[in-house]
Amino acid sequence: MRIPAKMEGMPLNKQIFGSMFAISSAIILLISIATCSIIFTNVMDLETKSSIQNLEHINSQLDFFLTSVDNYSKSIIVNAAVQDTTNKFNTKRQKFSEMDQMRLKDELNTIIQSTSFIYSVNIYSDSKQLIASTEVPTNEDSLSGIEISSDRIWLTAKKISIYDRNQKIPVLMLLQRFYSYSTGKMLGYVEISIPETAISSIYENTENENNTCIVDSTGSIQSTDGLYPLYSVYPNLDNALFKNKSGFYFINNNIVFYKYFEKLNWYIITQVSSNIFLQPIYFLIFLSVFIAACGVVICTILSHKITQTITSPINQLIKHIQKVIQGRWEPVPNHTGQNEINFLFNRFNDMLAAQAKLKDNLLKEQKMKQKLSLDLLQEQVNPHFLYNTLDNICSLAEINENETLIEVVMNLSKFYRETLSKGSFYVTIKDEISITTAYLNIMRIRYFNKFEFTISCPDYLKAYPCLKLLLQPIVENSIYHGIAQIYYTGMINIDITESENGIRFTVRDNGVGISQKRIEEIWEEQNSHFGLKNVDQRIKLYYGDQYGLKIEQNADNGCTITLEIAKEV
């Protein structure tokens, strides 16, 4: 069996682990996807059926209300008392009395039998005058404002509340003409009202968290559970509502189920938040994912254990070789196992010991050569400076500048006395300041007081040791390449401070400055700036690569050179 191209070149342990993990994870992933798909489909079907059943229940209950009202209306219009009383009101109005009205009201109450979802029954004359009512007074209601276009219509209206005369309640009422069964002449109208609260009570007491309402063909809300105002336009309308008799659609993070109620040309709507609707799915999918994740974790652990058992000795040797590459040359720990692995480990340790010894010898030789080279390079500075200073002394002697001559000679003597320091590479910071001060005093005379200088150092730092001649090459560079080329008085400020990692020397001048290109040239292998590069190399050789020298251009003019050394006792 050929190894896949992506795994070629990979370590053996990763190949074994990757193969086992990939196969087991793929199987778990396929099972999880199939499980989630089945769960999603089944739960969606169950939740959809539940919502549709809820709509069916509302539909059937509302249909029962309307059918019952329709039956009551038929019973009323064929009732002999209703027929006679209405005919008497129309033909013999002067003989119609309150007793006739009370008998008709009692007859109506007897027919409807105090049905809970019927709010009132009213009988009107052919001229739309109220004859009798089961609830409201007979002299306060009429059909004068209602246009009746057919024998039988359903419409919504507002009725005066029987509990509060100043309040009106919304109702759905059936308005039907009725005729004399003996002559066929129209006698009047019967009106049966169903309060909106009776309709909304069908669905407002359900235990689910759905929001239900009923809208007409224009989208106006005719019954509501309170979420949306009555007679307002339903906010989540969609074209699908008026295209199909029933169904559902997604809108505004909600799922809207609807069913067409043909008798009234209304739509029963149940609105469900998608989060609530899909909550069972989320939980089951989360459970499936959790089980799959546990399976992946178990497969990972088993794959790792099996891989480790097979490749542990080789893997141990490979990891140790990587440590050797990083420069850690300690021997690999002995392996208690197969003889072949023991032999390989022992021979590898022998090779490391031989290589470590060879490396140490080469490093010692290299370090010694570099140290000697840098020390010899440093010695080139002193004769050059001495020759120039002696020339200045001769010039001062010829012009009889005795005081200045004495000052130069004393500073030169001090400079070399401190510089030689019995051949030691280290001096105290106090001695380094003394060497630098002597050198700067000589250079001020040589350049005719062209510059001034300051040296600042806390007293507690002056006792710390440092490499000899750290500052002299830097101030020399500031004088020759910065201050010597300006027309105004130069200034050299030397600050010695304690840093986070050691001691920092900062030399700042106000000379002509230095460009970034010039800074890059200083660090190149072939250049004439032996002083600055020499200081940086000496610091790194004696203190480590984390220390050294940094050159920066000042924001206004001049240059700042910073060097940092370790703080050693």
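Visitor: Asparagine 252: buried or exposed?
Guide: Exposed, with a relative accessible area of 56%. Here exposed means over 50%, buried under 20% and partly exposed in between, using a 1.4 Å probe and protein chains only. This is a predicted model, where local features need pLDDT of at least 70 and side-chain atom pairs count only at pLDDT 80 or more, while totals for chains, interfaces and linings use all residues. Residues are numbered from 1 along each chain as its sequence is written, and side-chain values use heavy atoms, without hydrogens or water.

Visitor: Where is asparagine 252 placed?
Guide: In the loop between β8 (246-251) and β9 (254-261). Strands are DSSP runs of E, at least two residues, and helices are runs of H or I, at least four, both numbered from the N terminus. Asparagine 252 is not a glycine, yet its phi is positive, at about 50 degrees.

Visitor: What about the phi of leucine 469?
Guide: Also a positive value, about 60 degrees, and again not a glycine. Leucine 469 sits in the loop between β13 (465-467) and α11.

Visitor: Why does leucine 469 count as buried?
Guide: Because its relative accessibility is 2%.

Visitor: In what sense do β12 and β14 pair?
Guide: Parallel, over six bridges, with β14 spanning 490-498. Glutamate 452 stands opposite methionine 491 of β14.

Visitor: What does threonine 562 contact?
Guide: Beyond its neighbours within four places in sequence, Arg504, Phe505, Thr506, Gly548, Leu549 and Lys550. Threonine 562 is in β17. It is buried, at 15% relative accessible area.

Visitor: Switching to the surface. Which residues form the nonpolar patch?
Guide: Phe283, Phe286, Leu287, Phe290 and Ile291, with about 560 Å² of accessible area together. Areas come from the Shrake-Rupley method with a 1.4 Å probe; for residues, only the protein chains shown count as cover. Patch members have over 30% relative accessible area and no salt bridge; nonpolar side chains (Val, Leu, Ile, Met, Phe, Trp, Tyr) are joined within 5 Å, like charges within 9 Å. A salt bridge puts a Lys or Arg side-chain nitrogen within 4 Å of an Asp or Glu carboxyl oxygen.

Visitor: Where does isoleucine 291 sit?
Guide: In helix α6 (274-325). Isoleucine 291 is exposed because its relative accessibility is 54%.

Visitor: And aspartate 106, in which helix?
Guide: Helix α3 (98-112). Aspartate 106 is partly exposed, at 43%. Its C-alpha is 7.8 Å from that of threonine 134, 28 residues apart along the chain.

Visitor: How many helices and strands in the protein?
Guide: 13 helices and 17 strands. Of its 569 residues, 44% count as buried.

Terms used: Pairing = 2+ DSSP bridges. Contact = heavy atoms within 4.5 Å.
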